[in-house]
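Me: Got a model open here and want to talk through a few bits of it. Ready when you are.
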Amino acid sequence: MKSIVLSSVVVALLVFSGCSTNKPAVDTKKTTETPAPQEVEAVEIETVSPEDSMVDSSSNASDTVGQMSMSDIESKLSSVYFAFDKYNLNADMQEKVAKAAELGKSGASQYNVKLEGNCDEWGSDEYNFALGLKRADTVKKALVAEGIDASRISMVSYGESNPVCTAQTKECYAKNRRVDFKLLP
Amino acid sequence: MKILFSLLFVFTLAFAGDATIEVIKKVDALPSIAIEDASSNYDDTFKLQFFKSLVADLNVISLFNVDRYHRTIAFDASSVLVENKDKNYVLRYKMFKDDNGALNVEMKIIQDDTNVFSKSYKVGRQDVYMFISHAIAYDINEFMGEPSVAWMKRKVIFSRIVGPKKSEIIISDYSLAYQHVMLKGGFNVFPKWANYEQNAFYYTALDATKPTLKKVDMKTLKVSTIISSDGMMICSDVSRDGKTLLLTMAKKGQPDIYTYNVDTHQYRRETTYGGIDVNAQFMGKDKIIFISSRLGYPNVFSKNLKTKEIEQMVYYGRSNSACSSNGEYIVYKARETSNAFERNTFNLHLISMKTDFIRRLTATGVNEFPRFSQDGDAILFIKNYKNQSSIGIIRLKHNKNYLFPLKYGKVQSMDW
């Protein structure tokens, strides 16, 4: 037994001694210094200032007489808020719409109203715009049910692109899921 | 055994080239390329700018390991720089001004000290140099015999929100290096190229009495009014021949999809569901895909415009609110988290209509507005992550994403 162990140890030693390697000599001579070339960032964007033709589409609609009273009434029309991904009215908001309808029949009876649907920031796609529109449409239907003539009401959806609050908090998101009332002469 | 082999062979054939199959690990053996600058006319800042643009473009074509050192040499030098001796390819170029002040670029590709390809480029103004850089990358890609990257030379149009109810419509190259404000002032969104040649575009004006679709002819700068609708008006897609538009309109407060004939000015309502139907895209000649809430949450459906048959296209995810299609593939946006009050993650997924395989294309942030390139080689999308808005490019075959950040504002929508 001992001899087997011994001979295997000897064989193993022989095998491993055959494996010794000669490290290749490394050239330690200093290479001549060349000016270091400049390395650039992987992707860099440079904005070019425009100078070509351009269309200016800002409207110059001037404010008409009676603008004061219009904005007075508008300030009394508070926005209607909605739950996340929803376009139905809860009881609180139903009340707000009823108040708006009341005003629409009295003080604001000579004006038309534009309902502006808005969403929180989760997505700039068409679906979000449609959600804003469905919100405006819900308010429109409620106003009509309260006795406002449908022909006085127009709608628009601004999707997420007209936020009143831009912080990333739940209060802020909730403030943006809304329908605003805008009076039109 | 023979049967097994032939089965394997058939399987390989069937799945060869399926873009939903992700290449997890590729042998890291891309050929190397170095760039040598032989320009004389221009100052160092501009030289470096052009060089950076070339490096970025060569990275995006995903065929090379690109050396990022800016080195200079004479254009006619017989041999490549000693540092570039070990590179598989060397791209050498020379920029020079001609008598009219136009930017000219001569370039050649050197392999084993032999010229294997050369070409010259010219552009009227120095500040649109990036289009030459894109063209060089495009030609190198062609020279290498790879599937076309024609999208690289196309223009991107996008709208940027600059304040509440204020936006701009901008024309840029795919990397946003060149940006020209085309429409300023007012509240204009959802720009869409009106034809393949990209010399006119549609957009939605939201500051009109009713949301109105308008068209700008970029040669004459004439703005014409196409059609308006109460509530909502978006041009979602334009047919390849530019004759038919897919619109989302809300004639009675009800967002639905309409087809619009550009020549006859006639429109036809294509969907009648009482909830939300939006974002229609052509899928072949007689079929469209669109987003509908008919299951109680947004998802991708298709409709055959002739047989009126409607079919659900995606069976994964609980909120898929945007889509784009090319051939048998659909890319869609899926909400991965559904938290009403905290940051949510939206990712893009690619699904094959033939195999039903799904591949996730993005990992973090809000990824939206996917748009296939005309040839289906790449997907352009908007990424909003940590208050930074970027345009991203996904190279499907190469499994690579590239992001080009916007300096200010937020990208609302885009087309290319």
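Me: How far apart do the C-alpha centres of domain 1 of chain B and domain 2 of chain B lie?
Reply: They are 35 Å apart. This is a predicted model, where local features need pLDDT of at least 70, side-chain atom pairs count only at pLDDT 80 or more, and totals for chains, interfaces and linings use all residues. Residues are numbered from 1 along each chain as its sequence is written, with chains lettered from A and ligands numbered from 1 in the order in which they are written.
Me: Where are the two domains of chain B?
Reply: Domain 1 of chain B is 32-146 and domain 2 is 151-415; the bounds come from an automatic or database domain assignment.
Me: And how many residues does the contact take from each?
Reply: 11 residues from domain 1 of chain B and 11 residues from domain 2 of chain B, with contact meaning C-beta atoms, placed from the backbone, within 7 Å.
Me: Which helix gives the most on the domain 1 side?
Reply: α3(B), with six residues. Helices here are DSSP runs of H or I, at least four residues, and strands are runs of E, at least two, numbered from the N terminus.
Me: Switching topic: where does I351(B) lie?
Reply: In strand β24 of chain B, residues 346-352.
Me: Buried or exposed?
Reply: I351(B) is buried, because 24 other C-beta atoms lie within 10 Å; the cut-off for buried is 20 or more, with C-beta atoms placed from the backbone.
Me: What does I351(B) touch?
Reply: Leaving out residues up to four places away in sequence, T20(B), V314(B), I330(B), D356(B) and I358(B).

Conventions:
Contact = placed C-beta atoms within 7 Å. Buried ≥ 20, exposed ≤ 12 C-beta atoms within 10 Å, placed from the backbone.
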